[in-house]
Amino acid sequence: MNNISFNKLGVMIDCSRNAVMSVPTLKRWIDITASLGYNMLMLYTEDTYEVDNQPYFGYLRGRYSQKELREIDDYAFKHGMELIPAIQTLAHLKSIFRWPAYIGINDCEDILLAGDENTYKLIDDIFASLEKTLRTRVVNIGMDEAHMIGRGRYYDLHGDTDKVKILIEHIKKVSGIGKKYGLT
């Protein structure tokens with residue numbers, strides 16, 4: 001039998017479906033999981049956290065302020081846990097597209113417009129806000145279920161382009177922004 005060792009043991013809590021978990025409840029969760037030996041907690045947030053320069057990101061939807069995230073991060077740290085944000089940098093952002101400020105960076109459905117300067121400005125603001133708010137240098141940059149990438153506004157601007165090519169270029173750009181802030 002092989003011994004398998006993990007450096008991190010934790011859970012991901014979805015804070016994007018209808019409400020964010022309250023700070024006191026999240027602290028209780030940290031108490032319980034830390035007592036079980038967990039050392040990591042991921043918060044899955046689509047647009048449910050405060051981002052500098054983006055007043056409509058999570059607006060009227062319920063979101064964690066930067067102050068609340070720092071409080072949660074400090075509490076987790078005191079309990080030997082790393083708080084890791086699990087964010088979206090391509091799809092699953094339907095809620096932001098109800099605001100005129102984001103219509104210009106909507107490819108189609110819930111997908112950001114890859115290759116657009118304003119898309120990367122938003123992602124830069126996200127990373128800058130996370131970098132100054134949380135101690136971790138790790139970010140889960142979700143890009144799943146973007147099945148229609150390149151089939152909306154991207155198609156209108158650039159014509160028929162291979163989805164894999166669009167995705168690879170987007171990953172490179174997002175990774176570069178993360179590296180700029182010392183994030184992995």
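Predicted model: local features only at pLDDT ≥ 70, side-chain atom pairs only at ≥ 80, totals over all residues.

Biologist: What is phi at asparagine 53?
Modeller: Near 70 degrees, a positive value in a residue other than glycine. Most residues other than glycine have a negative phi.

Biologist: Where is asparagine 53?
Modeller: Asparagine 53 is in the loop between β2 (40-44) and α2 (66-78). Helices (H or I, at least four residues) and strands (E, at least two) are DSSP runs, numbered from the N terminus.

Biologist: And leucine 60, what's its phi?
Modeller: Near 55 degrees, again positive. Leucine 60 is also in the loop between β2 and α2.

Biologist: Why does leucine 60 count as exposed?
Modeller: Because its relative accessibility is 66%, and exposed means over 50% (1.4 Å probe, protein chains only). Asparagine 53 counts as exposed too, at 59%.

Biologist: New topic. How many cavities of 30 Å³ or more are there?
Modeller: The structure holds 1. A cavity is a set of points on a 1 Å grid over the protein atoms alone where a 1.4 Å probe fits but cannot get out.

Biologist: What is the volume of the largest cavity?
Modeller: About 60 Å³, counted as the space filled by probe spheres set on the points.

Biologist: Which strand gives the most to its lining?
Modeller: Strand β3 (residues 82-88), with 3 residues. The lining residues include Leu83, Ile84 and Pro85, plus Leu43 and Thr45; each lining residue has an atom within 4 Å of a point.

Note on methods:
Residues numbered from 1 in each chain as written. Heavy atoms only, no water. Buried < 20%, exposed > 50% of the residue type's maximum accessible area, 1.4 Å probe, protein only. 1 Å grid on protein atoms, 1.4 Å probe; cavity = no way out; pocket = protein on both sides within 12 Å on 5 of 7 lines; lining within 4 Å.
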